[in-house]
Amino acid sequence: RAARQTGSRRVLFDATLEAEARDRRDLERRLRDAIDAETLHLAFQPVVELESGRVVDAEALARWTPPGGDPIPPNVFIPIAEDTGLILRLGRWVLQAACRHAVTWPDAGGLPIGVSVNVSPMQLQDAGFVDDVRAALGAAGLPASRLRIEVTESILLDDLETAIARLAELRELGVTAMLDDFGTGYSSLSWVQRLPVTSLKVDRSFVAGLADGAVDHAIVTATIGLARALHLGTVAEGVETERQREILRQLGCGRMQGFLIAEPMPGDLFLTWLEGRSRRRSA
Ligand code: C2E
Ligand code: MG
Ligand code: MG
Ligand code: MG
């Protein structure tokens with residue numbers, strides 16, 4: 001009996017795995033079609049200077065809503081794109097679209113607003129990446145100084161020398177890079193100083209525990225201290241409460257983004273939001 005039970009559970013388990021594999025292949029096919037048809041879109045989330053509240057940047061975040069369906073979150077479709085190599089085409093589209101949007105943004109407090117784009121390790125390893133960036137900037141007419149790219153510590157798992165060389169090439173072009181989700185990945189602290197990045201983004205999981213977690217508070221404090229020692233900027237992500245903002249201000253964090261300021265918005269709403277904010281601030 002026991003054997004038979006185990007046997008039938010095994011069959012069930014196989015059937016579930018098979019269904020999952022089928023779903024994933026189906027999702028992969030639909031994602032490929034969506035990239036071809038350019039039916040993905042971008043959402044933009046403002047990044048503000050902590051002291052002044054001035055908008056300095058917006059992060060471009062990929063969005064996919066299949067026709068007639070619910071949105072599929074990037075945490076689902078980005079890993080599929082990475083596993084299948086589709087990320088190269090998806091990433092190229094994100095770069096182009098982000099630059100096209102950014103040229104339409106008004107200055108904030110007399111200074112231009114930058115756009116930051118998430119870049120996967122495979123893109124950074126791609127020999128054509130720097131040319132893609134140059135082409136996206138050229139086609140949109142966006143100055144290189146207004147584009148930033150966000151990479152995670154997972155780039156350290158690939159060919160590190162290539163990653164460093166690519167980031168250095170980009171910087172020569174005028175495009176700066178930030179280390180995203182800092183503290184959640186694999187880097188040892190000493191690697192950070194070898195990477196040609198200009199800021200660290202404090203992961204939202206640490207910001208979430210900032211007010212009542214002694215460990216998270218210590219991690220954020222240490223990250224900001226490390227950044228200062230290396231002459232890097234800091235951006236806190238996922239800021240949701242005034243309390244978190246106040247603590248970050250006391251710790252000397254430079255910039256922040258999060259629902260406290262605004263959720264990611266489609267391009268037209270982001271423009272409306274910017275106009276409303278500059279009206280409120282000059283009133
Ligand atoms: P990320 O780069 O760390 O982006 C920040 C994520 O935090 C976004 O999730 C954003 O919507 C969310 N977020 C921002 N503020 C708050 C807050 O106050 N509270 C909470 N709970 N969440 C907040 P999203 O848009 O779902 O993106 C998830 C991840 O997918 C991104 O994390 C990024 O790693 C990846 N991703 C998104 N777009 C792209 C893309 O175009 N290319 C690549 N390679 N990855 C992308
Ligand atoms: Mg990011
Ligand atoms: Mg992040
Ligand atoms: Mg994150």
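Buried means under 20% relative accessible area, exposed over 50%, and partly exposed in between, with a 1.4 Å probe and protein chains only. At 5% relative accessibility, E59 therefore counts as buried. N118 is partly exposed, at 30%.

This is a predicted model: local features need pLDDT of at least 70, side-chain atom pairs count only at pLDDT 80 or more, and totals for chains, interfaces and linings use all residues. Residues are numbered from 1 along each chain, ligands are numbered from 1 in the order written, and side-chain values use heavy atoms, without hydrogens and water.

**Metal site.** E59 (OE), N118 (OD1), E150 (OE) and D180 (OD) coordinate the magnesium ion (ligand 2) at 2.0 to 2.2 Å. Donors are N, O and S atoms within 2.8 Å of the metal (3.2 Å for Na, K and Ca); water is not among the atoms, so sites may look incomplete. E59 lies in strand β2 (residues 55-63) and N118 in strand β3 (residues 114-118), so the pair ties together parts 59 residues apart in sequence. Strands are DSSP runs (E, at least two residues). D180 also coordinates the magnesium ion (ligand 3), 3.7 Å from ligand 2.

**Ligand 1.** R63, S120, D180, E240 and F259 come nearest among the 22 residues around ligand 1; around means a heavy atom within 4 Å. β2 gives the most to this shell, with 4 residues.

| Side chain | Ligand 1 atom | Distance |
|---|---|---|
| Q45 | nitrogen | 3.0 Å |
| E59 | oxygen | 3.0 Å |
| E240 | nitrogen | 2.5 Å |

Taken alone, ligand 1 exposes 800 Å², and the protein buries 86% of that. These areas use the Shrake-Rupley method with a 1.4 Å probe.

Conventions. Polar contact = N/O pair within 3.5 Å; in protein donor to acceptor, adjacent residues only side chain to side chain.
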